[in-house]
Amino acid sequence: MKTHLIIKLKKIGFAIASLIFILACQNEDEDLQDPKFSKTAAIFIDTPIAMGTNFYFPYGAGPDNPVGSKLNAWSVDQNESYKGDSSMRFDVPSENDTEGNYAGGIFRVDGVGRDLTGYDALTFWAKASQGVTIAEFGFGEDFYPNKYITTLRNVSLGTAWTKYIIPIPDASKLIQEKGMLRYAANTNDTNGKGYTFWIDELKFEKLGTIGKPKPTIASGVNKKVQSFIGITIPITDIKVDFNMPTGLNLSVYPAPGYLAFKSSNPNVATVNESGLINVVGTGEAVVTANLGGVLNTNTNEFVGGVDALDSVTINSLGNFSLPPTPTRDPANVISVFSDFYPSIKVDFFNGYWQPYQTTLSADFSVKGDNFLNYTNFNFVGHQFGNPTVNLNNMTHLHFNMYIPSSVPSNFDFLITLVDFGPDGNNGGGDDTRQQLFVPNSSKIKANQWITIEVPITMTTKNRVGLIIYENINIPRGPGLKNFYMDNVYFYRNN
């Protein structure tokens, strides 16, 4: 194999040298053509194919997961295979494994990428030691620039070998792709117990039986967003549906790089190739997208491709007013969310407690200042249970709130503080709570920042781990549906 490789490299080197010489003789200023990249389809067939020597990269620890993926979750199994002699084995650890509480990572070509323009899907055969749901499978992630990530979510694996297909949203983009496979697997549906799954015959294919793509950019609805100059809004709800050979539809979630975007009014909002909307003026702009086509900048129209089924309408109210700058001594503050104070570790600012919660997040930043934005609000929580917080020396909860448009007539806002009790766990049977109603009053005004400060009167407050905000007037009308938050912190009033 080494001899064959050396001969092949010599031939390639000679060919390139000859080409340079000929072109130089014809025209010294003429640019060389781009080299052709490998069109190798196979990724794993009994062994990794043309991946190089350093190609597996587990996901590391981060702010949301200080433990990270188990580093040795992946291996080659000589005893299990769909076809041939071996398969890829993934050992998903239990949730309390100190070496990693989930399995996840990428398989990236060690060297130049591959030309995948001739294929329409990534395919593989897989099975598991028990019936499980894998959170994500996909391709296109290389850690930089991750421009063409494509993800299939919540994939059910059984105990028998089954073929899986992940359609490519637009193969013409994948001229030099390094990201061959990505995966993330946890134990959410196994009660924290570990399990094993296997993948075999992993490769790109040209099936020719996948239906035309149907892209959407706002979860299938024409989304309307009220905004201000200076705010950046990422398009995060991109999805492409395909009709599969089985006759069923399959949804994949691609990176914005696959699509072309346009704004109906660039004087109000512009949108870049990464799907990031920048609000630059006052008024209305409609952002739309197209998969497989290009934007004619002269006519501001898409040429070719398939238009996304929906849009994002930006209603810019003009310049954004910032909340009051905090002035309290940091020594007297425990911050949950603020750019002015160092903040504690927060598990989540919106836990999406299904099936009852409807609240969505549309968080944004203005010139480096970050804000929480809750839409379709019914209730939402800020949890900081790992670790909890000792508030014995704190007297109040503070936050700034901005209600756009108007204050609903039935505004009634409930705030709940939860102490997790001696066991330190939410809902462990020993929790204590404090609730405070914030009714409509002359102090609750729209289109300006208001300050809400709640006295902490609970007697047990040394293991506080949760703040809940609730729209309690939904049965009597819509109530509050949209608001911004900033500077959420506890403080000591000396």
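Tutor: On a 1 Å grid over the protein atoms alone, a cavity is a set of points where a 1.4 Å probe fits but cannot get out, and its lining residues have an atom within 4 Å of a point. Grid points are joined across faces, edges and corners, and a volume is the space filled by probe spheres set on the points. Rolling a probe the size of a water molecule over the atoms shows where empty space is left. This is a predicted model, in which local features need pLDDT of at least 70 and side-chain atom pairs count only at pLDDT 80 or more, while totals for chains, interfaces and linings use all residues. Residues are numbered from 1 along each chain as its sequence is written, and side-chain values use heavy atoms, with hydrogens and water left out.

Student: How many cavities of 30 Å³ or more does the structure hold, and which residues line the largest cavity?

Tutor: There are two cavities of 30 Å³ or more, and the largest has a volume of about 60 Å³. Its lining consists of Ile217, Lys223, Val225, Ile233, Pro234, Ile235, Thr236, Asp237, Ile277 and Val312. Strands are DSSP runs of E with at least two residues, helices are runs of H or I with at least four, and both are numbered from the N terminus. Strand E13 (223–229) and strand E14 (231–234) are the elements that give two or more residues to this lining.

Student: What classes of residue line each cavity?

Tutor: Ala, Val, Leu, Ile, Met, Phe, Trp, Tyr, Cys and Pro count as nonpolar, Asp, Glu, Lys and Arg as charged, and the others, Gly among them, as polar. On that basis the lining of the largest cavity has seven nonpolar, one polar and two charged residues. The second largest cavity, with a volume of about 30 Å³, is lined by residues including Phe44, Trp74 and Leu202, and its lining divides into nine nonpolar, no polar and no charged residues.

Student: How much of the chain is buried?

Tutor: Buried means under 20% relative accessible area, exposed means over 50%, and partly exposed lies in between, with a 1.4 Å probe and protein chains only. Buried residues make up 45% of the 494 residues in the chain, whose secondary structure comes to one helix and 35 strands.

Student: How many salt bridges are there, and which residue forms one with Lys147?

Tutor: A salt bridge is a side-chain nitrogen of Lys or Arg within 4 Å of a carboxyl oxygen of Asp or Glu, and the structure holds 14 of them. Lys147 is paired with Glu273, the closest N and O atoms being 3.7 Å apart. Lys147 lies in the loop between strand E7 (132–139) and strand E8 (150–157), and Glu273 in the loop between strand E18 (269–271) and strand E19 (276–279), so the pair ties together parts that are 126 residues apart in sequence. Lys147 is partly exposed because its relative accessible area is 31%, whereas Glu273 counts as exposed because its value is 52%. Lys70, Asp97 and Glu99 are linked in a network of salt bridges.

Student: Where does Asp115 lie, and which side chain of opposite charge is nearest to Asp115?

Tutor: Lys and Arg count as positive and Asp and Glu as negative, while His and the chain ends are not counted. Asp115 is in the loop between strand E5 (103–108) and strand E6 (121–128). Asp115 is buried yet has no salt bridge, and the nearest side chain of opposite charge, Lys39, is 4.3 Å away.

Notes. 1 Å grid on protein atoms, 1.4 Å probe; cavity = no way out; pocket = protein on both sides within 12 Å on 5 of 7 lines; lining within 4 Å.
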